[in-house]
Amino acid sequence: MRGLFRLILILAVLGAGIGYWITRPQALSASDIPAHDADVENGELVFWAAGCASCHSADGAEGEDRLVLTGGRSFPSDFGTFYAPNISMDAENGIGGWSEAEFLTAVMRGVSPEGQHYYPAFPYGTYSRAEMGDLQDLWAFMQTLPSDAAPSRDHDVGFPFSIRASLGGWKFLFVSDEWVMTGDVSPEIERGRYLVESLGHCGECHTPRNALGGLDTAAWLTGAPNPSGEGRIPNITPAVLGWSQSEIANYLNDGFTPEFDVAGGEMTDVIQNMAHLPDADRAAIAAYLLALPQ
C-alpha cells in the first residue's frame, strides 16, 4: 500500500511538472527577433488592420483622438468584464517603457513584461499568426503616437477565472498557428486570409465559442451571440451574406450595405479602420469571405 501511495505521489508530481512546463508563460528572447529595418508607413497600415484604435482609444473618440490609446473601454463576457489597458507611449501607465521584445511577446504570445498570461480578450490567439516584421513595423509606428497618463483599469473577473496561471492551459487548448482556411489559394485570397484570420481577428466576434471561450472553428464566421447580451453578431459566410466582392469591399470602405443600410455598433469602428487600407486589401478580404464554404 505504501508503495502504491509513493507511485501515485510521484506520478502526481511528474504530471504537475509537465503541466507547468506546457502552460508556463513563454516570452520571446532577443535571439527570436530578427534584425529589421522598421517601415513606419507599413506599421500604420498594420495598426488599422489590427484594429488597435477600436479597443484602446477612448470610447466615442473620433478623428485624431483615435490615435490616443488611453484605454478604458469595457468588454463584457461570460467570464467577467474586461477593460482595455492604456497602450500609449506613456512610460508609467502605458507601454512607453517596454522593449520591442516585450511588445512582440505581448502581441504574439499573450505574456506581459512581468511574465503573466494576458486574458484572451486581447486577441493574441490570432495575432500569433502575424508576420513578425509587420508587428515590428507596428511597434515603430506606435512610438510616433501621443502618450497619455491615464491609468489602466483592473478587469472585473471573479474566481476561478481570476487565476491567470490557468490561462496557460487555455492557450495550450485553443491557440494555434494553423490557418482555418487551408489548401492552395490565390495570392489575393492568401492576403485576405492574413487580414481576416490574423491581423483583423474577425473570427473573435463572428465565430461562436465553446464553454471555455475557445473559438469553434468548425463554425467559422457563422455568427455568434453578442457578448454584451444585446443581439447577435451576424453570419458573414457567402451563402448567408449574399453580397458580391465589390459590395463587401465597398461596405468595408464606407459602411453602406447594398440595401443602403449603414453599419452600426462595434462595426462602425471596424469600418473606420478598414477605410485606411488600400482598395486591394479590402478586395482581398472580400475574396477570402467569398471563398469560404457555402
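Predicted model: local features only at pLDDT ≥ 70, side-chain atom pairs only at ≥ 80, totals over all residues.
Now widen the selection to helix α12, residues 267-274, where M267 has its place. Next, show the contacts of M267: leaving aside residues up to four places away in sequence, M267 touches Y251 and L252. If you like a distance label, draw one from M267 to Y288, C-alpha to C-alpha; the two are 19 Å apart in space and 21 residues apart in sequence.

From here, colour helix α11 (residues 245-254) and helix α13 (residues 279-290), which pack with their axes 8 Å apart at an angle of about 130°. That angle makes α11 oblique to α13. Turn the view to look through the pair, and you will find a right-handed crossing of α11 and α13.

Which residues meet where α11 packs on α13? On the α11 side, select Q245, I248, A249, L252 and N253; on the α13 side, select R282, A283, I285, A286, A287, L289 and L290. Coloured by type, the residues of this contact divide into 9 nonpolar, 2 polar and 1 charged.

For the last stop, jump to strands β1 (residues 74-77) and β2 (residues 80-83), an antiparallel pair with 4 bridges. The two strands form a hairpin with 2 residues between them. Zoom in on S77 to see G80 of β2 standing opposite.

Terms used
Residues numbered from 1 in each chain as written. Heavy atoms only, no water. Axes fitted to C-alpha atoms, helices over the stretch in contact; angles between N-to-C directions. Parallel < 35°, antiparallel > 145°, perpendicular 65-115°, else oblique. Left-handed = near helix turned anticlockwise from the far one by under 90°. Contact = heavy atoms within 4.5 Å. Nonpolar A, V, L, I, M, F, W, Y, C, P; charged D, E, K, R; others polar. Pairing = 2+ DSSP bridges.
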